[in-house]
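This report describes a single protein chain. The sequence and the model are shown first, and the notes on selected parts follow.

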Amino acid sequence: MPEDTGKQEIVTGRCHCQAVTYNFTFTRPLIALYTHETFIRLQTGFPINLYIPMSPDCNFQFPHDSQNLQSFKSGDKTAFFCKTCGTTLSFTRSGQLPCILAPTIEVLPGRQLSDYIHPRGHTYLSEARRKMGGFTDIIKDGLPHYTGDVGNDLASESLTMAESSVVDEPPVTSENYQGGPDVLDGYCCCRALRFSIARPPEDYDSDPILQRWVKPSRKFAASFCFCTSCRTVSGAPLFGWCFIPTKQLRIYPTSIPSLAVYKSSDKCTRRFCASCGATAFFALDSLNNEMWDTAIGLLPLGKLESGGWCVWKCDGGDQFVDSYIHGWKDGILSYERDGEGYFKDLVEQVRSGRATLGL
């Protein structure tokens, strides 16, 4: 466990564009929890997220001048995000204090995220929406898994440990929203953003654009990324992308007004849902929109895990995509060095989980 310094410190957190900030105080590393909850997955765009439940003595507060701070409410849960860059910073449940997404904390030079937090377990495994294994175990940390929320009592004997099970994805009702064996349907937390991905045609190699991006057996490349930009723009501890030629991507017309655009650098453009803040797409401007990185957390995870849609490692080919994904040819996680400078333990745990799962 991280060392207790006994000294009170002020922690600052912020969104990617730095228009929204928050702060709180702490004297020792705080309890943190990984969550597999659907609500948070569809906010950040990644299946597993890491949050810190605030306590009264943390004195957590958003500054009063945070005009960019937006909220999205669903049932008893409310998420708070920046309307400019889409970063989800925190969420609340009725009757509970705020929970901060740990990756939005500003980690001071020379420190790691583990100097601020102490992860204690994985929660909401009942909402993982697929068999235990797969993305559920991509973080191989040995921490206990719980089916639901653990509240404030992690030592309670009444907590239910997760068991192997399958939970079906909830139906999405829409006259024009149809799935099928050769279609991946995607949507955000509020369902204002809906899109679909079609499997490449059999003759994909006759199309110069598809030939660059589609992998053998008509699959898409996919990877996990630790780059600072992906983490801070989403609020997730790492990120996962599928690399989809836009010829195979359909955004439903009614969703176009909800798709917000954010220039996260002078070379790339990101897109998120303006209504709920869900991280959705990344595009390198030099590609002229021929391919968009698509957030895996907005897609049906069971299909991605089955191996029928994605290739997670370099297959030894010489296709264009092999030089696009950082780390792909070397067999490492994208931007591992960024992650090691921020949360080395997590990088090592994901390396181990990825090797075990074959992703």
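## Surroundings of G339

Leaving aside neighbours within four places in sequence, G339 is in contact with F226, R231, K344 and V347. The model is a predicted one. G339 belongs to helix α6 and is buried, with a relative accessible area of 0%. L238 is 101 residues away from G339 along the chain, yet the C-alpha atoms of the two are separated by 8.2 Å.

## Helix α6

Helix α6 covers residues 336–357, which is 22 residues. A straight helix would reach 32 Å at 1.5 Å a residue, but the end C-alpha atoms of α6 are only 18 Å apart. The helix bends by about 130° at F343. Just after α6, G358 has a positive phi of about 75°.

A32 is buried, with a relative accessible area of 0%. Not counting residues up to four places away in sequence, A32 touches L50, Y51, I52, P53, I117, H118, P119, R120 and G121. With I52, the separation is 20 residues in sequence and 4.5 Å in space, C-alpha to C-alpha.

## Aromatic pairs

A search of the whole structure finds 21 aromatic pairs. One of these is the pair of F62 and F80, which is tilted, with 6.2 Å centre to centre and 45° between the planes. F62 lies in the loop between β4 and β5 (69–74) and F80 in strand β6 (residues 77–82), so the pair ties together parts that are 18 residues apart in sequence. F62 is buried, its relative accessible area being 18%.

The pair of F220 and W309 is stacked, because the ring centres are 6.4 Å apart and the planes are at 15°. F220 lies in strand β13 and W309 in the loop between α4 (301–305) and β20 (310–311), so this pair ties together parts that are 89 residues apart in sequence. Both F220 and W309 are buried. R199 lies over the face of W309, at 4.0 Å from the ring centre.

One aromatic cluster is formed by F46, F135, F224, F239, W241, F282 and W312.

## The chain overall

The secondary structure of the chain comes to 6 helices and 20 strands. The chain has 359 residues, of which 55% count as buried. Among the contacts with a separation of 6 or more, 63% are between residues 24 or more positions apart. The chain exposes about 15400 Å², and carbon and sulfur atoms supply 47% of that area.

Definitions and conventions. Residues are numbered from 1 along each chain as its sequence is written. This is a predicted model: local features need pLDDT of at least 70, side-chain atom pairs count only at pLDDT 80 or more; totals for chains, interfaces and linings use all residues. Side-chain values use heavy atoms; hydrogens and water are left out. Helices (H or I, at least four residues) and strands (E, at least two) are DSSP runs, numbered from the N terminus. The expected span of a helix is 1.5 Å times one less than its number of residues. The bend at a residue is the angle between axes fitted to the seven residues ending there and the seven starting there. Rings of Phe, Tyr and Trp (its six-membered ring) pair if their centres lie within 6.5 Å; planes under 30 degrees apart count as stacked, over 60 as edge-to-face and the rest as tilted. Buried means under 20% relative accessible area, exposed over 50%, partly exposed in between (1.4 Å probe, protein chains only). A charge sits over a ring if NZ of Lys or CZ of Arg is within 6 Å of the ring centre and within 35 degrees of the ring normal. Contact means heavy atoms within 4.5 Å. Accessible areas come from the Shrake-Rupley method with a 1.4 Å probe; for residues, only the protein chains shown count as cover.
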